[in-house]
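Good morning, and thank you for making time for this presentation. I would ask you to keep the sequence and the model in view while I speak.

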Amino acid sequence: MRDVQATAVRELMRISPVVDELGARFTGAGEQIALVGGPVRDAMLGRLHNDLDFTTSAPPEITERLLAGWADATWDMGRSFGTIGCRKGDWQIEITTYRSDVYQADSRKPAVAYGDSLDGDLGRRDFTVNAMAVTLPDRRFEDPYGGVVDLAHGRLRTPGRPEDSFSDDPLRMLRAARFTAQLDFTVDPAVVTAMTDMADRIQIVSAERVRDELVKLVLAPHPRRGLALLVETGLAERVLPELPALALERDEHHRHKDVYEHTLTVLEQSIDLESRLPGGGPDLVSRLAALMHDVGKPRTRKFAGDGTVTFHHHDVVGAKLTRKRMQALRFSNDTTDQVARLVELHLRFHGYGSGEWTDSAVRRYVRDAGDQLERLHVLTRADCTTRNRRKADRLRRTYDDLEARIARLAEEEDLAALRPDLDGNQIMAVLGIGPGRDVGAAYQFLLQVRMDQGPLSREQAEQALRDWWKARTDAP
């Protein structure tokens, strides 16, 4: 316990200029202010970031006035929730008036109400580890609900009854899973019970807020733990039903893998491979693709006469289901397109066999993957969860060979810019035609020639185009 507090003191010393100046400004105006929530928790964990949250007795208009002339910039997008934001040097700061708001039974948004004390504000927070504060400027530590003990034991509890907390804001049930994934904490049994009993309540929360929590969970260091909690409590059935649906009933001969456990393993292996990606990790698109890559299996499972199990076309079906779910969660079109494309392509490698693909097939693989090629490499490698070491080594070597062939062709042909050897203007000049559908058809023909034969000279491309055009115009 002393170690935790000593760590917090060291971390808070780093921000002493900010907290001391804010404390002096607010108390000088007769208001109270305290560093609160996540920053206090993270300070005790030795990982304080540059985002600082404060709570105050001052209403937003007074907070705004007190920040004038001190902050480098201020903004008030959160004014309706009592929050004024500002930047001071490297620090991003949010200052929120004491709150006591709750959800109404059928509302998607909380009814904002200001509180009148720090203790009351802490009591309405989601978990005890987020219900600690440091008052300013005296730097007195406030922990009315035992958050420091829970932090030391890696335990997630609510300040009061979890049923009351989750009734006030049902999104807190998703936050429990998110903090489990972020902090690697265990969840108090009473919290798990309340999450299970109140899972239906999550449906009043907007899709955007649900999405944001899921994104934070998936990008956390231990997403498997958070996702497993969502499935265990039934919350996943309400917000990401494709995940629990993967827990297929095993056939009597055990001829297919546990798809749910396989999926979580693929996610973990994908995370281990993120260093291969240009931006490193955590990478949202790569992780979502790993999570969703097999969601088409429940819809496509069939048993053959000999008892074997097939999932034909689960890649195509899975891509459609992925797109539908991500649209429902209000993901951007770009992110949705990227994840759905990876899901649709994740089986393509298995047609490679022992390297029988022609160079044309390799070019198509690269072209279809487009700017998702590196992520497709990661997903395909992560999708191998066999315990058969010889089989796993063979698959790894085969994919090594495919990547080597891609690299060789890329060096020779600039695969990243794969396009026909003639552009639209050149096509019109050779054929003596104007803009229209015929130009597009000619372009697609030359692209297929480029894929099949590799780069052609200008003369070869023009001759191929003339031959195609003659056959097209001579046809009845």
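Among the contacts in the chain with a separation of 6 or more, 67% are between residues 24 or more positions apart. Please bear in mind that this is a predicted model. The chain has 476 residues, and buried residues make up 50% of them. Its secondary structure comes to 23 helices and 13 strands. Along the principal axes, the C-alpha atoms fill a box of roughly 90 × 60 × 45 Å.

Let me turn to the interior. In soluble globular proteins, nonpolar side chains tend to be buried together. Here the largest nonpolar core holds 107 residues, and those touching the most other members are Leu22, Leu52, Phe54, Ile93, Leu230, Tyr365 and Leu402. Helix H8, residues 171-183, supplies the largest share of this core, with 8 residues. Leu52 deserves a moment of attention. Setting aside residues up to four places away in sequence, Leu52 touches Ile15, Val18, Leu35, Pro39, Trp91, Gln92, Ile93 and Glu94.

Two packed helices are described by the angle between their axes and the distance between the axes. For helix H21, residues 424-431, and helix H23, residues 458-474, the axes come within 10 Å and cross at roughly 60°. H21 and H23 are therefore oblique to each other, and their crossing is right-handed.

A second pair is formed by helix H13, residues 259-272, and helix H14, residues 284-292, whose axes come within 8 Å and cross at roughly 160°. How are H13 and H14 oriented to each other, roughly parallel or roughly antiparallel? They are roughly antiparallel, because a crossing angle over 145 degrees falls in that class. H13 passes H14 in a right-handed crossing. The contact is made by Thr263, Val266, Leu267, Ser270 and Ile271 of H13, together with Ser286, Arg287, Ala290 and Leu291 of H14. This contact of H13 with H14 has 5 nonpolar, 3 polar and 1 charged residues.

The loop between H13 and H14 contains Pro282. A cis peptide bond joins Gly281 to Pro282, with omega about 0°. Another cis peptide bond joins Leu136 and Pro137, where omega is about 5°. Pro137 is found in the loop between strand E8, residues 133-136, and strand E9, residues 140-142.

These bonds bring us to backbone geometry. Most residues other than glycine have a negative phi, and most peptide bonds are trans. Asp184, however, has a positive phi, near 60°. The place of Asp184 is in the loop between H8 and strand E11, residues 186-187, and at 37% relative accessibility Asp184 counts as partly exposed. Arg330 also has a positive phi, near 65°. Arg330 lies in the loop between helix H16, residues 314-328, and helix H17, residues 333-345, and is partly exposed, with a relative accessible area of 46%.

I come now to helix H19, residues 373-382. How many of the 10 residues of H19 are buried? The number is 9, so H19 is largely enclosed by the rest of the structure. Among the buried residues are Arg375, His377 and Arg381. Glu403, in helix H20, residues 389-413, is buried too, with a relative accessible area of 18%. Leaving aside neighbours within four places in sequence, Glu403 is in contact with Arg276, His377 and Arg381.

I shall end with two loop residues. Ser206 is placed in the loop between helix H9, residues 189-197, and helix H10, residues 207-218. Is Ser206 buried or exposed? With a relative accessible area of 17%, Ser206 is buried, because the cut-off for that class is under 20%. Gly89, in the loop between strand E4, residues 83-88, and strand E5, residues 91-97, is partly exposed, with a relative accessible area of 41%. The C-alpha atoms of Gly89 and Ala73, 16 residues apart along the chain, are separated by 9.6 Å.

Thank you for your attention.

Key
Residues are numbered from 1 along each chain as its sequence is written. This is a predicted model: local features need pLDDT of at least 70, side-chain atom pairs count only at pLDDT 80 or more; totals for chains, interfaces and linings use all residues. Side-chain values use heavy atoms; hydrogens and water are left out. Axes are lines fitted to C-alpha atoms, for helices over the stretch in contact, and angles run from 0 to 180 degrees between N-to-C directions. Helices (H or I, at least four residues) and strands (E, at least two) are DSSP runs, numbered from the N terminus. Angles under 35 degrees count as roughly parallel, over 145 as roughly antiparallel, 65 to 115 as roughly perpendicular and the rest as oblique. A crossing is left-handed if the near helix is turned anticlockwise from the far one by less than a right angle, and right-handed if clockwise. A nonpolar core is a set of buried Ala, Val, Leu, Ile, Met, Phe, Trp, Tyr and Cys residues joined through side-chain atoms within 4.5 Å. Buried means under 20% relative accessible area, exposed over 50%, partly exposed in between (1.4 Å probe, protein chains only). Contact means heavy atoms within 4.5 Å. Ala, Val, Leu, Ile, Met, Phe, Trp, Tyr, Cys and Pro count as nonpolar, Asp, Glu, Lys and Arg as charged, and the others, Gly among them, as polar.
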